[in-house]
Amino acid sequence: MNKLFVGLDLSLKDYKVSIIDQNGVEVVKPFSVTNDQVGADILIDTILRCCKALAVDTLFIGLESTSVYGWHIQHLLADSPQLKPYHPHIICFNPKLIENFKKSLGNLPKNDWVDANTIAERLRFGRLPKSCPVDFRYLALQRLTRYRYHLVENLAREKSYYLSNLFLKFSAICQDKVFSNNFGASATELFHEFLTVEDIATRSLDELIDFIMEHGKKHFECPLATAKALKEAAAKSYRLNASVDNSLSFVLKSCLENVKALEKQIKAVDKAIEKELPLFKNEFLCLTSVKGIGPVLAAGLISEIGGISRFENDNALAKFAGLYWSEYQSGDFTADDTFIRKTGNHYLRYYFIQAAEQLRKYLPEFADYYSRKYNESKTHHHKRALVLTARKAVRLVFALLRDEKLYNPSARKGDVSLN
């Protein structure tokens with residue numbers, strides 16, 4: 001069986017190409033092509049000529065996972081009808097793996113041509129990560145779920161920044177937690193209507209009660225207690241220079257506008273995700289049959305897994321998500337303290353950890369497991385217990401998707417089939 005190995009070193013504008021045969025001999029002189037459709041056509045044409053000249057049976061193409069620079073070419077090569085007769089394996093390497101492999105080859109210089117050849121040699125070495133077929137249905141959903149992840153992170157960051165500036169303006173109001181939610185209608189309107197702490201401190205209780213009742217839509221159980229707490233907090237808060245006070249008011253107003261805009265965008269992307277979900281009806285039903293896994297978590301898990309048939313077992317899925325641990329053993333010694341390998345898909349790891357957080361709240365089996373691991377941990381109790389619970393969630397998700405079963409906690413072996 002003749003094999004051909006193609007290493008690509010990617011950058012924003014172009015990528016370097018190294019093509020070698022199964023003996024490590026360069027088939028063509030290393031070359032560079034532009035990182036666009038024109039360059040991709042040249043690359044595919046060159047690969048085809050090499051495959052025909054050497055009667056290649058199997059084609060291996062490798063690249064490093066580098067931001068978004070390789071996104072187009074990776075999926076274009078995987079979906080190329082011209083290359084399909086050569087059974088292409090598209091391998092996306094973790095950069096650390098290539099860096100460590102390069103060290104084993106000796107003291108090589110650092111340049112893009114050497115890096116491209118190193119990737120080709122790593123392909124030839126074997127023991128490769130699994131090459132997964134591209135399903136563009138999952139890619140479409142993945143773009144939406146990753147965008148939602150991006151929005152949620154920005155929203156959390158914006159809220160944190162808002163609260164830090166709120167403390168500068170109304171210190172004691174933050175310290176005493178006058179409002180259960182500083183982003184609620186009453187709290188945000190308060191910071192708009194009363195421009196300074198002194199404005200609040202000098203208002204009568206009746207005025208503050210009327211304000212709280214109006215903007216709180218009568219949701220406060222005891223508006224008098226809230227008004228008193230508000231006046232006490234205003235009295236204790238630092239007084240600021242007028243110019244600083246005005247600047248902080250502007251920042252707080254802008255932050256709130258950003259928060260509202262981000263929340264609006266999240267609602268919009270949720271609707272877009274909802275429109276994609278009918279394509280994954282069985283997978284969605286399987287996952288949402290588990291109490292604690294809602295539409296958002298289900299969509300994220302489905303998009304990042306990309307089809308459960310890609311994975312032989314739950315261990316492969318856990319490794320893909322970066323939920324597996326190092327091992328250190330030498331002679332009769334085995335280390336007790338191991339660390340998690342975070343070299344997998346960090347989006348999928350995030351969704352599994354979020355799922356674990358929810359499952360331990362709703363499912364006794366996961367709650368008991370979390371508690372046991374929490375008590376067994378010597379340090380970082382919650383973090384360690386939660387990650388271990390996430391690994392348990394991998395087994396559950398894998399089993400449900402593989403067997404296309406609905407979750408049935410009372411009869412796990414007799415889960416309801418969707419078929």
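1. A charge sits over a ring if NZ of Lys or CZ of Arg is within 6 Å of the ring centre and within 35 degrees of the ring normal. The charged end of Arg360 sits over the ring of Tyr370, 4.2 Å from its centre. Lys159 lies over the face of Phe183, and the distance to the ring centre is 5.0 Å.

2. A word on the model. It is predicted: local features need pLDDT of at least 70, side-chain atom pairs count only at pLDDT 80 or more, and totals for chains, interfaces and linings use all residues. Residues are numbered from 1 along each chain as its sequence is written, and side-chain values use heavy atoms, with hydrogens and water left out.

3. Now the aromatic rings. Rings of Phe, Tyr and Trp (its six-membered ring) pair if their centres lie within 6.5 Å; planes under 30 degrees apart are stacked, over 60 edge-to-face, and the rest tilted. A search of the whole structure finds nine aromatic pairs. One of them joins Tyr149 and Tyr347, edge-to-face, at 5.0 Å centre to centre with 75° between the planes. Tyr149 lies in helix α5 (residues 136-169) and Tyr347 in helix α15 (residues 346-362), so the pair ties together parts that are 198 residues apart in sequence. Helices are DSSP runs (H or I, at least four residues), numbered from the N terminus.

4. Are these two tyrosines, Tyr149 and Tyr347, buried or exposed? Buried means under 20% relative accessible area, exposed over 50%, and partly exposed in between (1.4 Å probe, protein chains only). Tyr149 is buried, at 15%. Tyr347 is buried too, at 19%.

5. Look next at Tyr350 and Tyr351. Their ring centres are 5.3 Å apart and their planes are at 70°, so this pair is edge-to-face. Tyr350 is partly exposed at 29%, whereas Tyr351 is buried at 5%. Ring pairs link Tyr149, Tyr347, Tyr350 and Tyr351 into a cluster.

6. Trp71 lies in helix α2 (residues 71-78). Trp71 is partly exposed, at 31% relative accessibility.

7. Last, Ala367. This residue lies in helix α16 (residues 364-376) and is partly exposed at 22%.

Methods: Helix = DSSP H or I, 4+ residues; strand = E, 2+ residues; numbered from the N terminus.
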